[in-house]
Each structure stands twice: as structure tokens, then as C-alpha cells.
Amino acid sequence: MNSYRPSAQANTRVDAADLLRGVAVGGIVMLHFIEHLNFYNFPEPTWLDGIVWDVAFFLLSSKMYAIFAMLFGLTLFIQHDNQAKRGFDFRPRFVWRMVLLFGFGLLDLLFFNGDILTVYAVCGVLVLPLVRASSRVLLAFAALLALQPVELAYFIGGLVNPQLQPLNLGSGELFLNIMPAQEGGSWLDVAVAGLRYGLPVNFTWAIEHGRMTQTLFLFLLGVWIGRRRFLYDEGGNALLWRRTMLWSVAAFAVLCPLRYTLPGLVSGECASASLTVMLDMWKNLSMTLFYVSSLTYLYHRTRARGFLTFILPYGKMSLTNYIGQSVVGGFVFYHWGLGLYAVSGHAMSLALGAAFVLVQFTFCRLWLRSHKRGPLEQLWHRATWVGSAKPKR
């Protein structure tokens, strides 16, 4: 017998989620442009390039992906809960939806070897069994994943055996096999390298660097946030946002110094490397929570709402924008296109990324004037419900 009880309140469109998603995707695009879309071949850097690289990675790296992952879990909850209200079990359909997302990821790999959609598709299936679990069970699994059990095991193992080496599944070697296609190959060479090496490198790298467990944790966190309706402007949420801002700043003030000092005090390469990964994740999580709480508060409770509203269309078309940056970014930087990797330093690449985000932003606003969803979002939606007479939302 099905014991799941849908939420009593309606899951209306979460504008704050569209805002956060737009900020996250925009940050991801600009960071990817600075990295030449995972092609680490740059001209001699200037002092400005050094500043751009350090500031961009401090503000954006891992934090934008964390927001993106958290909102993935939020969307899972909303889709599942909306269909449960209609007496429909969304879980089998969600598995099919992840198969489709994996397909979008394979498409992305034809242009950009750093695709995250395939990893999200697998992680989405892994967290699905917990979508109907109690909040206590959900939070227990989230806490376990936040501790990063793989890294924790290697940290303890490294303390016991200082000769133990960090987890290495071969992502570095796989990554090096992709670069010749980026530097001198055709688009077909890049596509083949992306499917042959990019697909396994994303999973091996995610496991080696704690990103897999982080993603699973963030998905569950998003489900819990959806259950508690924390992104809606209701109840005591405004107080929650303010407190989260303060506590996240306090956490960062503690974790940031620890990240850059504590691993150096630990003997053994494996223990030090594992501790670095764990502290990095917790430090980045504190910044992520600050971004989420402050942007949500600004949108719901300040005059900044008028400006922030303009970002919403960009967030509503996140899949289209994510894959779009792979196609255009590959053309801009790789040999098969303009090959600007040879002349574009970090500052110039950031400018190109910002300009492209503005182009995407303009396209999103124009497109959504006459369409409910972005082009790839609409394709994903229709394919999700193919062969079903169930209500769609």
C-alpha cells in the first residue's frame, strides 16, 4: 500500500529557484570560458589574467555547480509531489526522464568533455529511492554523504598507513587523451574524444575528488528544501534566510583558514589530500548557502527584486543555455572553430563569456515571449511524457 502523503500546499512556480538557477548557469558559463572549456592551454598570463583567474575560481568554482545540483533535487521533489497529488507515481517516469537527460549529456559530450548532465542523470536515479522517505531518513543520508564517506575512509586509511596513495581511477590519463583533439583536431575528433574519454573521465574525476557524493548530498538537500518550502516567501522563511546568511559567513570564516592550513599539518599524502577535499567541500558549501539565502532574501524582501526578475528567463532555460555554451564555447576556443585558445588569456576569456551570457540572456527573453519553455526544455518535457495520458505540469 502506498503510504506517501503529498504536501498539503500547492507547488506553484518557484521564482527564487529560477533566479538561483540563472545565476548558477551564468557563473558556470563564464568559468568554463575562462578554462577554455576544459582545454588548459593558455597564452602567457598577464597580472590581470592572474587576478581574474583567482577571483573567478574563489567566487564561482564548485559553488555554482552546488546551486545547480541543489535545484535539481528541488525540481525532483516538485515534479514527484505534483503528480502524487493526482494519484500518479512519478518515479518510473523520472527514471525515463534521467535516461533522456543522459542522452542530452551525450549530445553535450560531442562538443565539451566536461559535461555534468550524464553524472546528474546517474545520481538522480541513485537518490530516487529516498524521494518518499521520511525527512529524518532523508536528512540522515544527506548528513552521511556530506561527510564524504569515500574521502573519510581514505583519510583514516592514510593516517593508519602513511604510504597509502590517494584514490586514483585514472581520470588524469583519460583527460590527457582528449587534448590533442582540442588542439589540432576536427569537430569529429573532438566528438569522438568526448564520447571515448570524456564520458568516463567525468565519472572517475567525480569519484576521485568527492564530487559524486557531494552531488548526491546536494540532490537530497534540494528535496528537503522543497518539502520545507524554504524558497517561498511565507511563514518564517525571511528569518531563516537572514540566519543562514550569518551562519554561513561564520562557517566560512572558520573553514577557509582550516582548508589552507590543516592539511599541511597532516602526515601522509593520502590523508592530506582527502582532508583537503573534505574541507574544500564544506568551505564551498558555506559560500553556496550564503549565495542561496542572500539572493532569495534580496528577491523576496528588497527593492532588488525588480532587477533580479530580469534574470528569471535565463534560469528557466538552463538546459538550453548549458548545452549552448558547449557548442559555442567549443567553436570559440578549439582548433575546429576559431581556435582562440592561443590568444585569449583569462581576462579576455571572461569578457567573451560575459558577452555570450548576455546574448543567451537576450535570446531567452525573446524566446519566452511566445513559448512556455526553452527549446530543449520543451523537447525534454514532451519526451518525458511520451505515451502517457497523465496530467503534465
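In which helix of the chain is confidence lowest, and in which is it highest? In this predicted model, in which local features need pLDDT of at least 70, side-chain atom pairs count only at pLDDT 80 or more, and totals for chains, interfaces and linings use all residues, the lowest confidence falls in helix α8 (residues 171-176), at a mean of 93, and the highest in helix α17 (residues 346-367), at 98. Here pLDDT is the predictor's confidence in each residue, on a scale from 0 to 100. Across the chain the mean pLDDT is 95, with 98% of the residues reaching 70 or more. Residues are numbered from 1 along each chain as its sequence is written, and side-chain values use heavy atoms, with hydrogens and water left out.

The chain contains 18 helices and zero strands, these being DSSP runs numbered from the N terminus (helices H or I, at least four residues; strands E, at least two). Its radius of gyration is 21 Å, close to the 21 Å that the globule rule gives for 393 residues, so the chain is as compact as a globular protein of that length; the radius is taken over C-alpha atoms, and the rule is 2.2 Å times the number of residues to the power 0.38. The C-alpha trace spans about 55 × 55 × 45 Å along its principal axes.

Helix α6 (residues 135-146) packs against helix α11 (residues 211-228) at an angle of about 150°, the axes lying 8 Å apart, where axes are lines fitted to C-alpha atoms, for helices over the stretch in contact, and angles run from 0 to 180 degrees between N-to-C directions. That makes α6 roughly antiparallel to α11 (under 35 degrees is roughly parallel, over 145 roughly antiparallel, 65 to 115 roughly perpendicular and the rest oblique). The contact (heavy atoms within 4.5 Å) brings residues of α6, including L138, F141 and L145, against residues of α11, among them L216, L220 and W224. Its residues divide into 11 nonpolar, two polar and one charged, with Ala, Val, Leu, Ile, Met, Phe, Trp, Tyr, Cys and Pro counted as nonpolar, Asp, Glu, Lys and Arg as charged, and the others, Gly among them, as polar.

For helix α4 (residues 91-109) and helix α5 (residues 117-127), the axes come within 7 Å and cross at roughly 165°, and the two helices are therefore roughly antiparallel to each other. Residues of α4 including F94, M98 and G105 meet residues of α5 including Y120, V122 and G124, and this contact comprises 12 nonpolar, three polar and no charged residues.

Helix α1 (residues 15-34) and helix α13 (residues 269-301) have axes that come within 10 Å and cross at roughly 130°; α1 and α13 are therefore oblique to each other. In α1, D15, A16, L19, L20 and V23 meet Y291, V292, L295, T296, Y299 and H300 in α13, a contact of eight nonpolar, two polar and one charged residues.
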